[in-house]
Amino acid sequence: MPAHFLGLTGAATLGTRHFHLTGRIIDDLVAHKAVGVVHGPAGTGKTFAVDFHLERLRERDAKIAACSLAFPSEPTMLRVAAELVRALTGSAPPNSRSRFQLINTLIGLLAGPRRLVVVDEAQRLNGACIEMIRHLHDHPQTSFALLYVGGDGCWEVLSREPMLKSRVFRRLPFQPVPSEQIPQLIRGYHPIYAEAHDALLLDVDDSYAHGTLRDWAVFTHTAADLCREAGRTTLDKEAVSNAYMLLGGGA
Amino acid sequence: MSLPIPGVWDPDGYLLPRRPRIIVVLDEHDGPHAAAHLRRIGGIDAGRVVVRPTPAVASLPAFALDVLAALEKNPVALQRKTRTGWRHARAWLAAARPTDLVIDRAHLLPYALLLAAAHAAAENDATLWLIWAGATDPHPAIAALKAAGHETDTRHISELPHDLPAVPRHQPRAAPKPTAARPMLPAADFPLFLAHARRRLTDDAFKRLATRYGTATFHTQQWLTSTPAQAGLVPGGALDPVALIRWLREQQIGPQRSGYEALITLRATQAVLARVGILLAWDRSGLGPLPENRLPSILTSPLVRALGTLPRTEDALATALALHLEQDGGCFVCWNLADVETSTLTLHPPAEHRHVQPKTERIATLPSQERTDAAARLEIPCRHPVTLPTDTDRILRAHLARRRMDGAGPGDPLFPALGRLSPATTVAQAIRRGTRHVGCDPWWLDRERVRARRPGPRLITSSWMTERALSLEPIPHPKQAR
C-alpha cells in the first residue's frame with residue numbers, strides 16, 4: 001500500500017468514489033490497451049489512488065508490468081524517451097543512441113509483456129512529447145496501456161492535442177470532496193476522528209482542508225501528534241485550535 | 001465528386017490503368033482510426049509499404065531509416081544515419097515493387113521529405129498516400145508537390161477503408177498432424193542402400209522412401225538425357241564436372257529441406273550416375289554424427305529472409321552468394337551488371353576476370369582423375385553460371401537497383417570497391433557483416449581457421465562439394481582398367 005503523507009500512521013485508505021473509479025479505469029485500460037487520463041487539482045488523491053491500484057494490479061496479476069514515470073518541467077522528446085527506457089529497463093540508455101535507435105528500442109521493449117505505463121505530471125509534456133508517446137502506442141508492434149496523471153491544467157494541456165484527445169478511452173477528473181460528505185468520510189480516516197463531532201470536522205474542512213485529501217492528511221498528522229501529546233484519543237476544539245496555529249492559522 | 005482510384009475496377013467492370021498518384025488523406029480529428037486501419041492493409045507481400053516516421057524526423061538520412069524499417073530491415077542493423085541510406089531505401093523499395101507507399105503523420109514532415117517520398121513512389125509507379133492529420137493546412141505542401149511536377153488528389157479519412165482496403169486476414173492453418181518420426185536411414189553406400197533400407201524399415205516407411213528415391217532417380221535421368229553438355233559428358237570422354245556440380249547444388253541436393261530427404265536423393269543420384277560411368281563419392285566419415293544434415297544448402301529460406309533484413313544491399317547479396325557457394329567472395333569481383341540475368345537469378349561468367357588466381361589452379365596440367373577432383377575442390381564460381389535460389393530475387397533486385405542508382409552501367413562491377421579498399425576486401429567485409437547479422441560463422445571466412453585446416457598458400461579452400469565431402473571421378477571402363 002502506498003505510504004500516506006509524511007508517513008502518517010494509523011490512517012485508513014479513504015474509499016471515495018473517485019478512488020474506486022481509478023481502480024476500474026486502470027483495469028479497463030489494461031484490458032483494452034487503451035489510453036486514459038486522471039487529472040484534477042493538487043492534493044485530491046490522484047497519485048495515491050493510482051499508486052494504490054498499481055500495487056493491487058501487480059499483486060493480482062504478476063504478468064502485467066506497470067511502471068510510473070514523471071518528468072521535470074518542459075522535458076524534451078529525447079528526455080522522455082530516455083526516461084521511459086530507464087523506467088522499463090532499470091538503466092539509462094547509452095548516450096550514443098540516436099532518436100531512431102532510442103524509439104526502436106522502446107518499440108521493442110513495449111512489444112513484450114502486457115504493460116501499463118503511467119506518466120505522472122503529464123501537464124508538463126509538450127506536443128512533441130505527446131506525439132512521441134502516441135507514436136509508440138499506435139505502433140503495430142507495441143502493446144501497452146497508457147495512463148496520464150496530472151494536476152492543475154493537465155486536461156486543458158492534453159486536450160489541446162487532437163491526437164491525444166481523440167484517443168482517450170477513459171477520463172477521470174478528481175475533485176475536492178464535497179463538504180456534505182466530509183463527516184462520514186473523515187470519521188473513518190483516523191482514530192482521532194471516530195468520535196469527533198460533525199461540526200468540528202466541517203469546521204476543519206471549511207477553514208483548512210477544503211475537501212483536499214492531502215490537506216486533511218497534513219492536518220491529521222499535526223492533530224494526531226497533538227492529541228497523543230495531550231493524552232487524548234479524540235479530536236476536540238483545543239486540538240483543532242492548536243493545530244491551526246502550527247499550520248499557519250487555518251483558513 | 002472524387003475520381004476513381006486507378007488500378008481498381010470501375011463500375012463498368014474495367015480495370016483502370018495504374019499511374020503514379022499522390023493522395024492526401026485528410027483526418028482533421030487526428031483520431032486513432034487511421035493507425036488502426038493502416039495495421040490492417042498488409043505489408044510488403046501485399047504490395048504496400050507503410051512508413052511510420054520517427055517523431056520530429058527532419059533529414060533525409062533519418063527518414064531513410066524509417067523507410068528501411070518499413071521495408072522490414074532490422075532496426076538494430078540500422079546503426080546510424082548515412083549519406084547512402086536513402087539510396088539503400090530506394091533500392092529496397094524498388095525490389096519490393098509496392099503498389100502503394102503510405103506515409104503516416106505526413107503533416108509533420110518537412111516538404112523536402114514529402115518530395116523525396118513522392119519521387120520514390122513515382123520511381124516505382126506506386127500510389128503515394130499522405131495521411132494528413134490534425135488542423136495543419138495541407139495546401140502549402142500540395143503546392144510544393146505541384147511545383148515539383150506532382151499532381152495530388154485529396155480524400156477524407158472516412159474513404160480510406162474503401163480506397164485502400166484492408167487485406168483479408170488469412171485463417172491460421174490447422175496445426176499439421178504429427179507425422180511419424182523419420183526412421184534412421186542405413187549407412188550403406190548407394191549400391192546397397194535400397195536393400196538395407198528394405199530390411200530395416202517398416203513397410204510404410206520404405207514405401208515413402210522408395211517414392212522419394214524414385215523421384216530423384218527420374219530427375220537424374222531426365223537431367224542426363226536433356227543435353228550432352230549438361231550431362232557433363234563432352235566428346236572424348238573427359239569429364240567436365242562443373243555442370244554436374246551446379247545441378248547438384250542448385251536443383252538436386254542443395255534445395256532439399258532436410259538431411260533425410262537429401263540422403264535419399266543422394267543415393268538415388270549416385271546410383272544413376274554410376275550407371276553412366278560417373279562416381280559421385282561421399283565420404284561421410286568426417287562430417288559428424290548426422291552427416292546427411294550437411295548435404296542440403298546452408299542458404300535456407302529463413303536465412304534468406306534474415307539476409308533480407310539487412311539495409312545494405314551489397315551485404316545481403318554477397319552473403320547470399322557466399323553461403324550458396326560456400327566460398328569467400330574472392331571471385332565475386334569478376335561479375336559485372338551485364339552478367340546478371342534477373343529473370344533466372346543467374347550470374348553468367350564475365351568476359352574478363354579480376355579475381356586473384358589461386359596458385360593451385362593448374363588444373364589443365366593435372367592427370368584426368370586429379371584434374372576432376374581439383375576442379376571439384378577448387379570451384380571458381382565466376383567461370384561458370386551460378387543460379388541463386390528463387391527466394392533471393394528481392395535481394396538481387398535490390399542490389400541491382402542500388403547499383404543503377406549509383407550510376408553504374410552494364411560494364412560496371414556488381415560489387416564495386418568502397419573508398420580505398422580493394423573490391424575483394426569490400427566484398428569480404430560485406431560478407432563478414434552479413435554472416436554476423438544472420439548468426440552464421442563459416443570457418444572458411446576466418447583466416448586463422450583456414451590456415452589451420454588448409455595450410456599452404458591462400459587459395460579457394462572451400463566449395464559446395466568439399467563442404468559436403470563429395471567428389472566426382474570417372475569410373476574406368478573395365479576394358480580401360482586392364
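A salt bridge here is a side-chain nitrogen of Lys or Arg within 4 Å of a carboxyl oxygen of Asp or Glu. The model is a predicted one, in which local features need pLDDT of at least 70 and side-chain atom pairs count only at pLDDT 80 or more, while totals for chains, interfaces and linings use all residues. Residues are numbered from 1 along each chain as its sequence is written, chains are lettered from A and ligands numbered from 1 in the order in which they are written, and side-chain values use heavy atoms, with hydrogens and water left out.

In one, the side chains of B:R312 and B:E314 meet in a salt bridge at 3.3 Å, N to O. B:R312 is partly exposed at 27% relative accessibility, while B:E314 is buried at 15% (buried means under 20% relative accessible area, exposed over 50% and partly exposed in between, with a 1.4 Å probe and protein chains only). In the other, B:R403 pairs with B:D406, and their closest N and O atoms are 3.4 Å apart. Here B:R403 is buried, with a relative accessible area of 6%, and B:D406 is partly exposed at 30%.

Over all chains, the structure holds 36 salt bridges. One of them, in chain A, joins A:R170 to A:D28, with the closest N and O atoms 2.9 Å apart. A:R170 sits in strand β5 (residues 168-173) of chain A and A:D28 in helix α1 (residues 17-32) of chain A, so this pair ties together parts that are 142 residues apart in sequence. Helices (H or I, at least four residues) and strands (E, at least two) are DSSP runs, numbered from the N terminus. A:R170 is partly exposed at 27%, whereas A:D28 is buried at 10%.

Back in chain B, there is a helix pair to look at. The axes of α9 (residues 241-252) and α10 (residues 259-275) of chain B come within 12 Å and cross at roughly 150° (axes are lines fitted to C-alpha atoms, for helices over the stretch in contact, and angles run from 0 to 180 degrees between N-to-C directions). That makes α9(B) roughly antiparallel to α10(B), a label for angles over 145 degrees. In this pair, B:L244, B:W247, B:L248 and B:Q252 of α9(B) meet B:T265, B:T269 and B:L273 of α10(B), where contact means heavy atoms within 4.5 Å.

Notes:
Parallel < 35°, antiparallel > 145°, perpendicular 65-115°, else oblique.
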